[in-house]
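Let's take a walk through this chain together. Please have the sequence and the 3D view open as you read.

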Amino acid sequence: MSRSPSLPPPPPPVEIRSWPDREAMLADRAAVLGSLTDRLLGVPQLLLFLLVMAGLQAGWGLVGAGLVILDDGSDPLTFVILGVAVLLGLAVLVPLGFVAGFGILRDSRIRRLLTEWAALDLDPARDARHGAPGLSLLWFLVSFLLGAVGLWISFVAPASARPGSWTYGEVAYVMGVGVICWVTGLTGVAKAVAHYRWAVRLTSVVPAAAARGGAHR
C-alpha cells in the first residue's frame, strides 16, 4: 500500500541517517511532530470531521424520508418515491462512509509516525507543545457533546414515543440520527484521548529517566 503523499515519511534507518549533528536531527524531529499533530488535531480536521458527520445525517435523512413516506401508504407511487429516496441517501452515505473510514486509517498512520519520530531522541524543551492540550480538549468536548446527544436521541426519544403519535418509520429515522451522532462522537473522543495519552508518555519519559538515575546514585 502506498503512503499518503501528504504525510511525511518515517524516520530513516540508522545506517542511512545523514543529519550533521544532534541539533539538526532534533529540529527536523520537532518540525515533523508539529506537522503531524496539526494534521491530526488541527481546526480544519475538526471542521472536516463535523462536515462528514453532517453529510451522513443528510444522507440518512433521505433514507428516513423514504421510511416515513412508506408509513403513509403502499401504492406504486409510494414505492417509487421510497426507491428514489433510498438511492439518493445511499449515494450520499456510501462515499462519506468511505471518507470516514479512510480518515480513521489516516489517523492511525499519523499516530504510528508520531511514535516513530518521537522515539528518535528526547527533547523536553520542544516536546511539551506537541501535546496540543487546547486542541485535544476541543476535540474531546465537541465529540463528547455529539456522543451524549446521540445517546439521548437513540434511547430516550424512541422510548418516549407512543402508539399513534409516532410511526415506525419516524422511530427508525430518529434512532439512526442518534446512532450517527454517538458513533461519530465516540470516534472523536477516542482520537483526543489517544493523542493525550501519547503526549503524556512523551513528556513523562525524561522525569522517569531522571528519577531512575537518582535512585542509582
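We start with the overall fold and then turn to a few residues.

Keep in mind that this is a predicted model. The chain has six helices and zero strands, so tracing the sequence from one end to the other gives the pattern α-α-α-α-α-α. Of its 217 residues, 35% count as buried. The chain exposes about 12,600 Å², and carbon and sulfur atoms supply 72% of that area. Contacts tell you how the sequence folds back on itself: among those between residues at least 6 apart in sequence, 87% join residues at least 24 apart.

Now find helix α3, which covers residues 76-118. Asp107 sits in this helix. Is Asp107 buried or exposed? Asp107 counts as buried because its relative accessible area is 13%, and the cut-off for buried is under 20%. Setting aside neighbours within four places in sequence, the contacts of Asp107 are with Leu40 and Lys191.

Next, have a look at the aromatic rings, which form four pairs. One of these pairs joins Trp19 and Trp117 in an edge-to-face arrangement, with 6.3 Å centre to centre and 75 degrees between the planes. This pair links distant parts of the chain: Trp117 belongs to helix α3, whereas Trp19 lies in the segment before α1 (22-41), and the two are 98 residues apart.

How do the two partners compare in accessibility? Trp117 has a relative accessible area of 5%, so Trp117 is buried. Trp19, at 22% relative accessibility, therefore counts as partly exposed.

Terms used:
Residues numbered from 1 in each chain as written. Predicted model: local features only at pLDDT ≥ 70, side-chain atom pairs only at ≥ 80, totals over all residues. Heavy atoms only, no water. Helix = DSSP H or I, 4+ residues; strand = E, 2+ residues; numbered from the N terminus. Buried < 20%, exposed > 50% of the residue type's maximum accessible area, 1.4 Å probe, protein only. Contact = heavy atoms within 4.5 Å. Areas by Shrake-Rupley, 256 points an atom, 1.4 Å probe, with all protein chains shown as cover. Phe/Tyr/Trp six-rings, centres within 6.5 Å; stacked < 30°, edge-to-face > 60°.
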